[in-house]
Amino acid sequence: MTKCPVCGVNFQKGDYESLAKHISQLNGKNDPFHAGFIKDYVPMDNPDSPQFPSKLKAFFQLPGNSLSDWMASVFVNRFYGDKPHQFMETMQRPKKSIFLGFGVEYYFFLKQKIKSLSYVIAKTNYEDVQKFEARIITPELLNDGKENPSQMSLLFKMCETLGVNKDTIATSSPLPPTLHSVKLWGTIAETDPWIEVMASMNPLDLLYSPKIKEKGAKTFFYGDSVLTNEWIPDQAKQFLSFMSDPYNDFAFEGLKLLEKYGKELDATESVQAVFIRSIDALDRHLVARVTRARQYEGKA
Ligand SMILES: [Zn+2]
């Protein structure tokens, strides 16, 4: 079975003709999301042309039959290509406000991530998958930062230093793009098979993986000088160092598990579709971090 990478409707396995027809029909009705998919991934002057299905099929074709290589390459093109995402650009020479924008919006992402990965554990019977997800979420639930750090504890310390405390974050609301994305991930977690829940969340860790440059990324999610820049607070440096520590990097291990079980369960196409939906949601959430930072400008 394949799915629409934009709205998730189902099609027969390998039926790119019907998928192409669906996408071009909605594009014709000026649906911005389906039109956006064409623009971002299969740019064509005329998506009604007979070449569209074969171009679409070519986009989903796996290089060397490797799902993990395909995901890494799509991810790099989307966020780390010649024109990096505006969040990454902002983080090259960051103002203090971006650390607040990052921290506050990311808090809501992280809460959903813990839930989504818990759904994977609950829905799958494969122990290797359960253990993998448990390794990621356990520190976030149990490490309060007093003895052992976690993303959550370091995020709170970073924001507190910049003037926004834990209670303020926990009782605030995310900006609409983050809220919309979190809702999408929540719906996928509740309703879709475990492998799709996994595909919606684990690959997003590629954003912070120190190995992403080996896959062609032109930059990283923070500039080279950030960790040595003396006016950047230590708490922000600690947060970034923890996020990008190879010891905490589970991104490629997650891709390999998706590749393995995608083959075994004949679910590769649906994994690809959910992955695309999910990186679009990530994109919107990253824009919200930058928007949030602007709101803090002058205050931090
Ligand atoms: Zn669709």
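In which helix is A273 found? A273 is found in helix α14.

## Basis of the model

This is a predicted model, in which local features need pLDDT of at least 70, side-chain atom pairs count only at pLDDT 80 or more, and totals for chains, interfaces and linings use all residues. Residues are numbered from 1 along each chain as its sequence is written.

Helices are DSSP runs (H or I, at least four residues), numbered from the N terminus.

## Domain arrangement

The protein chain is divided into domain 1, residues 1-61, and domain 2, residues 65-296; such bounds come from an automatic or database domain assignment. Taken over C-alpha atoms, the centres of the two domains are separated by 27 Å.

Nine residues of domain 1 are in contact with seven residues of domain 2, where contact requires that the C-beta atoms of two residues, placed from the backbone, lie within 7 Å. The side of domain 1 that touches domain 2 has five nonpolar, two polar and two charged residues. In this classification, Ala, Val, Leu, Ile, Met, Phe, Trp, Tyr, Cys and Pro count as nonpolar, Asp, Glu, Lys and Arg as charged, and the others, Gly among them, as polar.

## The pairing of α6 and α7

Two packed helices are described by the angle between their axes and the distance between the axes. The axes of α6 (residues 96-123) and α7 (residues 127-142) come within 9 Å and cross at roughly 150°. Axes are lines fitted to C-alpha atoms, for helices over the stretch in contact, and angles run from 0 to 180 degrees between N-to-C directions. The crossing angle makes α6 roughly antiparallel to α7, a term for angles over 145 degrees. The crossing of α6 past α7 is left-handed, that is, the near helix is turned anticlockwise from the far one by less than a right angle.

On the α6 side, the contact is made by L110, I114, L117, S118, V120 and I121, and on the α7 side by V129, Q130, E133, A134, I136, I137, E140 and L141. By class, the residues of this contact are ten nonpolar, two polar and two charged.

E127 also lies in helix α7. Along the chain, E127 and E140 are 13 residues apart, and their C-alpha atoms are separated by 20 Å.

## The enclosed helix α11

Helix α11 (residues 194-201) is largely enclosed by the rest of the structure, because eight of its eight residues are buried. These are W194, I195, E196, V197, M198, A199, S200 and M201. The elements that cover them include α6, α10 (176-191), α13 (251-264) and α14 (268-296).

With α10, the axis of α11 comes within 8 Å, at a crossing angle of roughly 160°; the two helices are therefore roughly antiparallel to each other. α10 passes α11 in a left-handed crossing. W185, I188 and A189 in α10 meet E196, V197, S200 and M201 in α11. This contact has five nonpolar, one polar and one charged residues.

## Two buried positions

A273 of α14 is buried, with 25 other C-beta atoms within 10 Å. Not counting residues up to four places away in sequence, A273 touches T2, K3, C4 and P5. A273 and P5 are 268 residues apart in sequence, yet 4.1 Å apart in space, C-alpha to C-alpha.

C159 lies in helix α8 (residues 151-161). C159 is buried, with 25 other C-beta atoms within 10 Å. Leaving aside neighbours within four places in sequence, C159 is in contact with L100, G103, V104, V164 and I169.

## Loop residues with positive phi

N65 is found in the loop between α3 (52-60) and α4 (67-79). Although N65 is not a glycine, its phi is positive, at about 60°. N65 counts as exposed, with 11 C-beta neighbours inside 10 Å.

D266 occupies the loop between α13 and α14. D266 is not a glycine, but has a positive phi of about 55°. D266 is exposed, with 11 other C-beta atoms within 10 Å.

Terms used:
Angles under 35 degrees count as roughly parallel, over 145 as roughly antiparallel, 65 to 115 as roughly perpendicular and the rest as oblique. A residue is buried if 20 or more other C-beta atoms lie within 10 Å of its own, exposed if 12 or fewer, and partly exposed in between; C-beta atoms are placed from the backbone.
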